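User: Please go through the structure shown below by question and answer, with the criterion behind each term.

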Amino acid sequence: MRLAILLAAALYAPAALAEGGIDFAAMPEGCSWQSKLSDRPDQRETFLGKVKGKYRVKIVDARSGAAISTVDYNAEGLMVRRNWADGRWERFEPFSCFTVPGKCSYTYRNGAGDRFKIDSEVRPAGKGFTSAARPRGGTAYPVEKFTLGPFGLMTSSGSANYSTKITGFTGCGPTS
(Lines give C-alpha, C1' and ligand atoms only; values in the text may rest on other atoms or scores of the structure.)
Protein backbone atom coordinates (compact mmCIF):
# COMPACT_ATOMS: atom_id res chain seq x y z
CA MET A 1 0.00 0.00 0.00
CA ARG A 2 2.80 2.41 0.86
CA LEU A 3 4.28 1.96 -2.65
CA ALA A 4 0.88 2.69 -4.24
CA ILE A 5 0.59 5.91 -2.22
CA LEU A 6 4.10 7.00 -3.23
CA LEU A 7 3.42 6.28 -6.91
CA ALA A 8 0.13 8.14 -6.82
CA ALA A 9 1.81 11.04 -5.02
CA ALA A 10 4.39 11.29 -7.79
CA LEU A 11 1.61 11.54 -10.38
CA TYR A 12 -0.72 13.96 -8.59
CA ALA A 13 1.60 16.28 -6.64
CA PRO A 14 3.12 18.29 -9.54
CA ALA A 15 -0.30 19.14 -11.02
CA ALA A 16 -1.73 19.95 -7.61
CA LEU A 17 1.12 22.30 -6.73
CA ALA A 18 0.68 24.16 -10.00
CA GLU A 19 -2.89 25.01 -8.96
CA GLY A 20 -2.58 24.74 -5.18
CA GLY A 21 -5.92 22.97 -4.71
CA ILE A 22 -7.24 19.48 -4.16
CA ASP A 23 -8.24 17.63 -7.35
CA PHE A 24 -11.79 16.68 -6.40
CA ALA A 25 -12.72 16.12 -10.06
CA ALA A 26 -10.42 13.06 -10.04
CA MET A 27 -11.43 11.91 -6.53
CA PRO A 28 -14.25 9.37 -6.24
CA GLU A 29 -17.14 10.29 -3.93
CA GLY A 30 -16.74 8.40 -0.67
CA CYS A 31 -12.94 8.56 -0.80
CA SER A 32 -11.74 8.75 2.82
CA TRP A 33 -8.40 9.36 4.47
CA GLN A 34 -7.41 9.01 8.09
CA SER A 35 -4.96 11.43 9.70
CA LYS A 36 -2.87 11.36 12.84
CA LEU A 37 -2.67 14.81 14.43
CA SER A 38 -0.22 15.93 17.10
CA ASP A 39 -2.72 17.97 19.12
CA ARG A 40 -5.98 15.99 19.05
CA PRO A 41 -7.44 12.54 18.31
CA ASP A 42 -7.08 10.99 14.86
CA GLN A 43 -9.70 12.08 12.38
CA ARG A 44 -11.25 10.71 9.21
CA GLU A 45 -12.12 12.93 6.25
CA THR A 46 -14.60 11.79 3.60
CA PHE A 47 -15.30 13.42 0.25
CA LEU A 48 -19.09 13.82 -0.06
CA GLY A 49 -19.18 15.20 -3.62
CA LYS A 50 -20.72 18.52 -4.64
CA VAL A 51 -23.15 20.25 -2.28
CA LYS A 52 -24.66 23.59 -3.34
CA GLY A 53 -22.01 23.99 -6.04
CA LYS A 54 -19.03 23.40 -3.73
CA TYR A 55 -16.95 20.29 -3.10
CA ARG A 56 -17.61 19.10 0.47
CA VAL A 57 -15.53 17.05 2.88
CA LYS A 58 -16.90 15.76 6.20
CA ILE A 59 -14.49 15.39 9.11
CA VAL A 60 -15.21 13.05 12.05
CA ASP A 61 -13.34 11.70 15.05
CA ALA A 62 -11.74 8.50 13.71
CA ARG A 63 -12.43 6.52 16.87
CA SER A 64 -15.93 7.64 17.93
CA GLY A 65 -17.32 8.82 14.58
CA ALA A 66 -18.46 12.08 16.21
CA ALA A 67 -18.84 14.94 13.74
CA ILE A 68 -16.11 17.60 13.87
CA SER A 69 -16.79 19.80 10.84
CA THR A 70 -17.52 20.04 7.14
CA VAL A 71 -15.24 21.93 4.78
CA ASP A 72 -16.32 23.42 1.44
CA TYR A 73 -13.92 23.93 -1.47
CA ASN A 74 -14.33 25.93 -4.69
CA ALA A 75 -14.05 24.52 -8.23
CA GLU A 76 -10.23 24.72 -8.01
CA GLY A 77 -10.17 22.69 -4.78
CA LEU A 78 -9.31 25.63 -2.50
CA MET A 79 -10.97 25.95 0.92
CA VAL A 80 -13.71 28.59 1.14
CA ARG A 81 -15.68 27.66 4.28
CA ARG A 82 -15.58 25.46 7.39
CA ASN A 83 -18.68 24.70 9.46
CA TRP A 84 -18.00 23.20 12.89
CA ALA A 85 -20.37 20.64 14.42
CA ASP A 86 -21.02 23.02 17.35
CA GLY A 87 -22.33 25.76 15.02
CA ARG A 88 -19.19 27.86 14.61
CA TRP A 89 -18.13 28.81 11.08
CA GLU A 90 -15.15 30.28 9.23
CA ARG A 91 -14.95 31.77 5.72
CA PHE A 92 -11.93 32.34 3.51
CA GLU A 93 -12.52 34.99 0.83
CA PRO A 94 -12.03 34.46 -2.00
CA PHE A 95 -10.29 31.24 -0.73
CA SER A 96 -7.57 30.12 1.68
CA CYS A 97 -4.15 30.61 0.12
CA PHE A 98 -2.46 28.06 2.40
CA THR A 99 -1.34 25.83 -0.49
CA VAL A 100 -1.34 28.31 -3.39
CA PRO A 101 2.19 28.66 -4.84
CA GLY A 102 3.73 32.12 -4.63
CA LYS A 103 2.33 35.13 -2.77
CA CYS A 104 -1.39 35.33 -2.09
CA SER A 105 -3.81 37.21 0.22
CA TYR A 106 -7.28 36.42 1.51
CA THR A 107 -9.79 37.64 4.08
CA TYR A 108 -10.60 35.42 7.06
CA ARG A 109 -14.04 35.80 8.70
CA ASN A 110 -15.85 33.84 11.38
CA GLY A 111 -19.13 33.74 13.27
CA ALA A 112 -17.58 35.47 16.31
CA GLY A 113 -17.13 38.63 14.25
CA ASP A 114 -13.42 38.33 13.48
CA ARG A 115 -12.39 39.68 10.10
CA PHE A 116 -8.84 40.24 8.94
CA LYS A 117 -6.60 39.97 5.89
CA ILE A 118 -3.96 37.21 5.76
CA ASP A 119 -0.91 37.34 3.50
CA SER A 120 0.82 34.06 2.66
CA GLU A 121 3.67 32.72 0.56
CA VAL A 122 4.19 29.10 -0.50
CA ARG A 123 7.64 28.05 -1.73
CA PRO A 124 9.30 24.77 -2.75
CA ALA A 125 11.50 23.35 0.04
CA GLY A 126 13.38 20.05 -0.26
CA LYS A 127 10.86 17.31 -1.11
CA GLY A 128 7.95 19.51 -0.15
CA PHE A 129 6.89 23.08 0.33
CA THR A 130 6.70 25.73 3.02
CA SER A 131 3.79 28.01 3.77
CA ALA A 132 4.43 31.26 5.63
CA ALA A 133 1.46 33.40 6.62
CA ARG A 134 0.61 36.33 8.84
CA PRO A 135 -2.41 38.47 9.54
CA ARG A 136 -1.75 42.01 8.34
CA GLY A 137 -0.40 44.01 11.24
CA GLY A 138 -0.07 40.85 13.35
CA THR A 139 2.45 38.21 14.36
CA ALA A 140 3.47 35.63 11.78
CA TYR A 141 2.09 32.11 12.19
CA PRO A 142 4.68 29.34 12.52
CA VAL A 143 6.03 28.37 9.08
CA GLU A 144 4.56 25.04 8.02
CA LYS A 145 6.31 22.50 5.83
CA PHE A 146 4.15 20.04 3.92
CA THR A 147 4.21 17.35 1.27
CA LEU A 148 1.50 16.65 -1.30
CA GLY A 149 0.18 13.27 -2.34
CA PRO A 150 -2.80 11.74 -4.09
CA PHE A 151 -5.32 14.27 -5.41
CA GLY A 152 -3.16 17.14 -4.11
CA LEU A 153 -3.92 16.25 -0.47
CA MET A 154 -1.34 17.19 2.14
CA THR A 155 0.05 13.80 3.17
CA SER A 156 2.12 15.34 5.95
CA SER A 157 2.67 18.74 7.47
CA GLY A 158 4.46 20.20 10.43
CA SER A 159 5.38 23.44 12.11
CA ALA A 160 6.94 24.46 15.41
CA ASN A 161 3.72 23.63 17.27
CA TYR A 162 1.78 21.12 15.17
CA SER A 163 2.06 18.12 12.86
CA THR A 164 -0.26 15.85 10.91
CA LYS A 165 0.12 12.83 8.65
CA ILE A 166 -2.30 10.83 6.50
CA THR A 167 -2.05 7.23 7.68
CA GLY A 168 -4.39 5.54 5.22
CA PHE A 169 -6.90 5.79 2.39
CA THR A 170 -10.19 3.96 1.81
CA GLY A 171 -12.34 3.95 -1.34
CA CYS A 172 -9.99 6.25 -3.26
CA GLY A 173 -9.05 3.99 -6.14
CA PRO A 174 -5.37 3.07 -6.68
CA THR A 175 -4.30 4.94 -3.51
CA SER A 176 -6.47 2.72 -1.23
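User: What average pLDDT does the chain have?
Analyst: This is a predicted model, in which local features need pLDDT of at least 70 and side-chain atom pairs count only at pLDDT 80 or more, while totals for chains, interfaces and linings use all residues. Residues are numbered from 1 along each chain as its sequence is written, and side-chain values use heavy atoms, with hydrogens and water left out. pLDDT is the predictor's confidence in each residue, from 0 to 100. With 88% of the residues scoring at least 70, the chain averages a pLDDT of 88.

User: Why is the disulfide of Cys-31 and Cys-172 assigned its handedness, and which parts of the chain does the pair link?
Analyst: The torsion about the S-S bond of Cys-31 and Cys-172 is about 95 degrees, so this disulfide is right-handed. The pair links distant parts of the chain, 141 residues apart: Cys-31 lies in the loop between α1 (2–19) and β1 (32–37), and Cys-172 in the segment after β12 (162–170). Helices (H or I, at least four residues) and strands (E, at least two) are DSSP runs, numbered from the N terminus.

User: Is the link of Cys-97 and Cys-104 left-handed or right-handed?
Analyst: Cys-97 and Cys-104 are both buried, where buried means under 20% relative accessible area, exposed over 50% and partly exposed in between (1.4 Å probe, protein chains only). The torsion about their S-S bond is -45 degrees, and the link is left-handed.

User: Which side chain of opposite charge is nearest to Asp-61?
Analyst: Asp-61 is found in strand β3 (residues 54–61), and a polar atom of its side chain lies 2.9 Å from the backbone nitrogen of Ser-64. Lys and Arg count as positive and Asp and Glu as negative, with His and the chain ends not counted; a salt bridge is a side-chain nitrogen of Lys or Arg within 4 Å of a carboxyl oxygen of Asp or Glu. Asp-61 is buried yet has no salt bridge, and the nearest side chain of opposite charge, 6.2 Å away, is Arg-63.

User: What is the relative accessible area of Phe-146?
Analyst: Phe-146 is found in strand β10 (residues 144–148). Leaving aside neighbours within four places in sequence, Phe-146 is in contact with several residues, among them Phe-98, Val-122, Phe-129 and Met-154. Phe-146 is buried because its relative accessible area is 1%.

User: Lys-52 has a positive phi; is this residue buried or exposed?
Analyst: Most residues other than glycine have a negative phi, and most peptide bonds are trans. Lys-52, in the loop between β2 (43–51) and β3, has a phi of about 50 degrees although it is not a glycine. Since its relative accessibility is 82%, Lys-52 counts as exposed.

How values were computed. A polar contact is a pair of N or O atoms within 3.5 Å; within protein, one must be able to donate a hydrogen and the other to accept it, and residues adjacent in sequence count only if both atoms are side-chain atoms. A disulfide is a pair of cysteine sulfur atoms within 2.5 Å. Contact means heavy atoms within 4.5 Å.
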